[in-house]
Amino acid sequence: MRTDVAQPVRLADYRPADYLIDTVALDVKLHDTATLVRATLALRPNPLGRAGAPLVLDGDGLTAKTILLDGKELAPGAIFVTPDQLTLTAPPQQPFLLEIETEINPSANTRLMGLYRSGSAYCTQCEAEGFRRITYFLDRPDVLSVYTTRIEADTGEAPVLLSNGNKVEEGKIEGSSNEGTRRHFAVWHDPFPKPSYLFALVGGDLGSIHDTFTTMSGRKVALGIYVEHGKEKSAAYAMDALKRSMAWDETAFGREYDLDIFNIVAVSDFNMGAMENKGLNVFNDKYVLALPETATDTDYAQIEAVIAHEYFHNWTGNRITCRDWFQLCLKEGLTVFRDHEFSADQRSRAVRRIADVRTLRAAQFPEDAGPLAHNVRPDTYLEINNFYTATIYEKGAEIIRMLKVLIGDDLFRKGMDLYFDRYDGTAQTIENFIACFAEVSNRDLTQFSRWYHQAGTPLVEAQTSYDPAKRTFTLDLKQSAKPTPGQDHKDPFVIPIELGLVGADGETVALQSATEDAATPEELARGVIELSTPQRRITFTNVATKPVASLLRGFSAPVRLSQSVSEEELIALVAHDSDSFNRWQAAQTYATRLLLRSVDLVRSGKQACADEAFGAALHRAIDSNINDPAFTAQVLSLPSEADIARELGENVDPDAIHVAKDVLRAALGRQLAPILLQTYERLAPVGPYSPDAAAAGRRALRTAALDLYAAGSPADGGALALRQFETAETMTDEIAALGVLTHVRGEAREQALDTFYKRHAADALVVDKWFILQATIPEPGTLARVKKLMEHPAFSLANPNRVRSLVGAFAAGNQTQFNAADGSGYHFVTEIVIGLDHTNPQVAARLLAAFKSWRVLEAKRAALAEAALRRVAQVNDLSPDVKDIVERSLA
Ligand code: B3K
Ligand code: ZN
């Protein structure tokens, strides 16, 4: 752990490196406690750097064994070495070679950054600053080098040796017998210059599956996925997703794979989802392994998305990388946008959009509304690992999507082509990226770029009025944004608002506008209004009867929309809007209003309310979307408790929200019982499992129907769930049934949980689902249950997936118990954070971010949350990761 007090890094201080490293030759002798790394770096002064500057290489807890400059030892005074830095005071001003030997202990690496062990395998994670835990280096993304990596290991312990690029040599080491062990080696060469964060190395006794992909120019690429022995079959879907991703990037973006080999390794100890190392992606096994009986449809969809995401990084991230970490969204936002588009093409575009927007609202909106809000392109950071956020990823993707909506599909593709052509092989900035689109579209995108530089979710308020005499329909739009940390004033954003007018009988009203408040012909033709001023009025003409405005279709901008629209009009939109996203949105808006009213009632000691008209609208939605079960399932899923908390925005009482939601679900479940039962029976599984979107959609609707039915009729619903639980052939059906059973207190629940564990005890990823279900039970006994589960042999604080499934799910997915009125939830989570900070600060900091919305809670809870955070802040020797989160949360 670092001992110095971390200083903030500022974008304004960026300057190019003083030296460049053209080639890196690594010789790694794997050993579980004493791995030797010999790095030979070919350095030269950077023409853009300061001539004669000292050479300062980054390290993190390193022990240097030997250091040679052009083959010779350095005189004292010419070199200073600490565990965290290596300085040559007066390095040569022409090319020179620096050889550094370090010894590292992968078994002691609990932070899972740098070289560490997962099970019996050796693996690496270098992004953002993990390479400096392997050797001293210019560990920054704008220093691009060609790597040759020789790995040596015991043949028995690590028969598989992988690194970036192509394998150029391998062999046995003769006479290597050391206590009877045999050693072997492999040499990998990656011809593409890359930053150190994309370096990877894996050694282990792993099983694998192999396939090939022929690129559009006819090159054959060998594909491999490496997994724990015995799990090979579970990697088949990931391989299929990989091949589809490779083909899609060729057609959608003209991007072809560039090496002869593409390997993926799945490991069970991993801080995040996966990592895009050049030619050697390393994955959390959760995003690789799937069989129908172990993985849900959601897991399959996530595997497809993450495999695609990491693969797409090969161009957006690897071939063109980031100049500095402030530009993180250049690769992440763009690559999320690309994986969203891929999933939309592979599945249902509307349903994917709904799912993506749900994620954005659940994860990014609260971040942007709280103390951890930051710009998509930040100006300063204390710990870069804390910036792998929903804002960088999801909002970053939304900005790209808006850009596409604004300039249109063709110019967007032209802009991307120009970006790839112009910047291939370089480390880039957001400005240079945006300039490509400005150039091809001939538009000034300066104001649009504010999306990168102003945090917070803008609010768009829309008022409409109809004048029957003039047959005009007037739309008044207003944008505003609340202050966020460090930003009191916000300049207007460019907000593309896709819209349509829905006539009284559901017909589409043609968009015409010819008054002084006119929309431009281009806006009318495309149905996209640009709101780039604080207010704008648009008058539509020739409107025969009063229409309903369907605004922000497809969620065309990441804003909050407040629209003057009646409940009857919302119901009309649920039935008739030609934009599926807005059909779903209208139902969500209706439910949200209902729930907000209900929360008020509960808090003033009255009964929560329901609404028959809404039930009737849902009934019609089930009937009329009979051919789109995936969509109908989304309509039936009410806003989450966190959604309601966010809408309230202040004085939040999670218990009242929970009661309101329970009452509404129960009422809807009773009102819709016949059609829910009928839907449930109609969609019973037929034939073998297939993970495709259509089949998954049928299962999703069946699950939603069971869930709502059981909310209204717990006894009957429980019986159905039990039957499903006992006969389920897929994890999707099994866990859906267990979810219903888990929400009813009693013996049946405990028995079902027990049975589930016994069935799946051998599969850690399935046991994670068991942890999640229990951690999210919304009743007072849950904290005690979670604490008890921490003693369970299947739980381990050393494994990030386990921590996220039990403690993370409790903190982020159990609104009432994490926010329990006695502060017990806060106390528990902060205790874990403090403990975990010693071993894995990244995971600890992530967990602590669950407090991001503490300021919107009602006063008593807010005070308890603040006290818990203050206790963390007072701990000595906090990691920069946790210190940064706690300080920003309290600021
Ligand atoms: N680039 C990695 C994330 C690295 C996180 C470092 N703390 C995965 C991804 O976004 O594809
Ligand atoms: Zn990424």
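Trainee: Which spacing do the donors of the zinc ion (ligand 2) follow along the chain?

Mentor: This is a predicted model, in which local features need pLDDT of at least 70, side-chain atom pairs count only at pLDDT 80 or more, and totals for chains, interfaces and linings use all residues. Residues are numbered from 1 along each chain as its sequence is written, chains are lettered from A and ligands numbered from 1 in the order in which they are written, and side-chain values use heavy atoms, with hydrogens and water left out. Donors are N, O and S atoms within 2.8 Å of the metal (3.2 Å for Na, K and Ca), and sites may look incomplete because water is not among the atoms. Here His309 (NE2), His313 (NE2) and Glu332 (OE) coordinate the zinc ion (ligand 2) at 1.9 to 2.0 Å, and the spacing of its donors is H-x3-H-x18-E.

Trainee: Are histidine 309 and histidine 313 buried or exposed?

Mentor: Buried means under 20% relative accessible area, exposed over 50%, and partly exposed in between, with a 1.4 Å probe and protein chains only. By that cut-off, histidine 309 and histidine 313 are both buried.

Trainee: How many disulfides are there?

Mentor: A disulfide is taken as a pair of cysteine sulfur atoms within 2.5 Å. For cysteine 123, the closest cysteine sulfur is that of cysteine 126, and because the separation is 10 Å, it is too far for a bond. By this rule, the count of disulfides is 0.

Trainee: What is the angle at which helix α11 and helix α14 pack?

Mentor: Helices are DSSP runs (H or I, at least four residues) and strands likewise (E, at least two), numbered from the N terminus. Axes are lines fitted to C-alpha atoms, for helices over the stretch in contact, and angles run from 0 to 180 degrees between N-to-C directions. With contact meaning heavy atoms within 4.5 Å, Thr592, Leu595, Leu596 and Val599 in α11 meet Ile644, Glu647 and Leu648 in α14. The axes of α11 (residues 580–603) and α14 (residues 641–648) lie 10 Å apart, and the angle is about 75 degrees.

Trainee: How many of the 14 residues of α25 are buried?

Mentor: The buried residues of α25 include Tyr826, Phe828, Ile832 and Leu836, and the buried residues of this helix pack against α22 (782–789), α23 (800–813), α24 (815–818), α26 (841–848), α27 (859–874) and α28 (880–890). Helix α25 is therefore largely enclosed by the rest of the structure, the number of its 14 residues that are buried being 10.
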